[in-house]
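Hello,

Here is the structure I promised to pass on. Please open it first, then read my notes below.

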Amino acid sequence: MPRPLRTSGASAAGPQSAAAPAGPADGSAAAEDAAIVATALTKQYGTFTAVDGIDFRVARGESFGLLGPNGAGKSTAMRMIAAVAARTSGTMRVAGLDPERQGPAVRARLGVIPQQDNLDEELSVRENIIMYGRYFGLPRRWLRAKTAELLEFAQLTAKAGSRVEDLSGGMKRRLTIARALVNDPEILLLDEPTTGLDPQARHILWDRLFRLKERGTTLVLTTHHMDEAEQLCDRLIVVDQGRIMAEGGPSELIRAHSTREVLELRFGMDRNAELAEQLDTLLAPRAEPLGYSHVEILPDRLLVYADAAESALEAVHTAGLRPMTSLVRRSSLEDVFLRLTGRSLVE
Ligand SMILES: Nc1ncnc2c1ncn2[C@@H]1O[C@H](COP(=O)(O)OP(=O)(O)OP(=O)(O)O)[C@@H](O)[C@H]1O
Ligand SMILES: [Mg+2]
């Protein structure tokens, strides 16, 4: 049974379950049990290709990430999912529907958090949610109760009557998320949900997103924060220049593309290239016991990739090399990205 285009007061009483029947549309089993299926998805702006024939599939209830640097095509892909940008070629199903042909029906099932907050600054916090709900045709009385629930969820109850322009950046972001939940979306699209927020505000948001996921909402998010991707995503694609570089769970990607640990060394900017060679000469003969792979040169430090980074550090000290600082850490998605693209993701 197709869902109604507009969420009625009665059916919008709680979040929609992930197990709810899929939409109609193309009738294929694969599309029916997936939240999103994109095939050879492409977006060109004139002769420039922003999204270059990518394939991905997001299961219902999954938390799926697009990780990539500035300009990778993440927002462009999100806009095509959200039925606000037309694709140049390829196919796309969102909840079994084609966003281009069934835009309003797709939008009714989505909650969209764009990269830039687009709240109405003139209105109060409460009115922002109510106005947005009216856009979906939700009844006023029902919306009043729903808005109170969402403000509580976003920890903005005390600010309900404040004008949006008086909110902090983190509060605005939480309001944008609360607003996107007004229609109890099956799928929540979050374009860099926590960029610009302080660590505490980020953790509050992560907690809220985690709760939504527990309730069965499908989350699709873009980020260039590794920790965010590692915390929130069951699975992700690493995107660069409109193409998928790798796909998998965070720990799976780290296992496939990096060593278990990394040794970070600082010798001073001007000595990095020279020291990198020395380190490689030192460690390459011990590749086996150390699980040594290679050295990366960053502008401010060297990254020594080795499963046993502590032992690699001992070897460095024994050889008489004296770094100014040293740090042993586990590999992260940042290392995966660096390995795959030769570039660092950290701004
Ligand atoms: N409307 C547009 N017209 C022309 N080019 C565009 C348009 N929108 C995006 N682009 C280009 O497409 C590429 C991908 O942009 P997009 O906004 O999708 O990147 P992103 O991965 O979201 O980056 P960021 O991390 O900076 O948000 C960029 O090179 C951008 O300049
Ligand atoms: Mg973007």
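How many residues of the shell around ligand 1 are nonpolar, polar and charged? There are three nonpolar, eight polar and one charged. Here Ala, Val, Leu, Ile, Met, Phe, Trp, Tyr, Cys and Pro count as nonpolar, Asp, Glu, Lys and Arg as charged, and the others, Gly among them, as polar.

This is a predicted model: local features need pLDDT of at least 70, side-chain atom pairs count only at pLDDT 80 or more, and totals for chains, interfaces and linings use all residues. Residues are numbered from 1 along each chain as its sequence is written, while chains are lettered from A and ligands numbered from 1 in the order in which they are written.

**Ligand 1.** The residues around it are Y45, A50, G68, N70, G71, A72, G73, K74, S75, T76, Q115 and H224. Each has its C-beta atom, placed from the backbone, within 6 Å of the ligand. Helix α2 (residues 74-81) gives the largest share, three residues. Helices (H or I, at least four residues) and strands (E, at least two) are DSSP runs, numbered from the N terminus.

**Sheet.** Four strands form an open sheet in the order β11-β12-β10-β13, with antiparallel pairing. Pairing needs at least two DSSP bridges between two strands. β11 (292-297) and β13 (325-330) are at the edges with a single partner strand each, so one side of each has no neighbour in the sheet. Five bridges join β11 to β12 (residues 302-306). E296 stands opposite L303 in β12.

**Helix α13.** Just after α13, G342 takes a positive phi of about 75 degrees.

Best wishes
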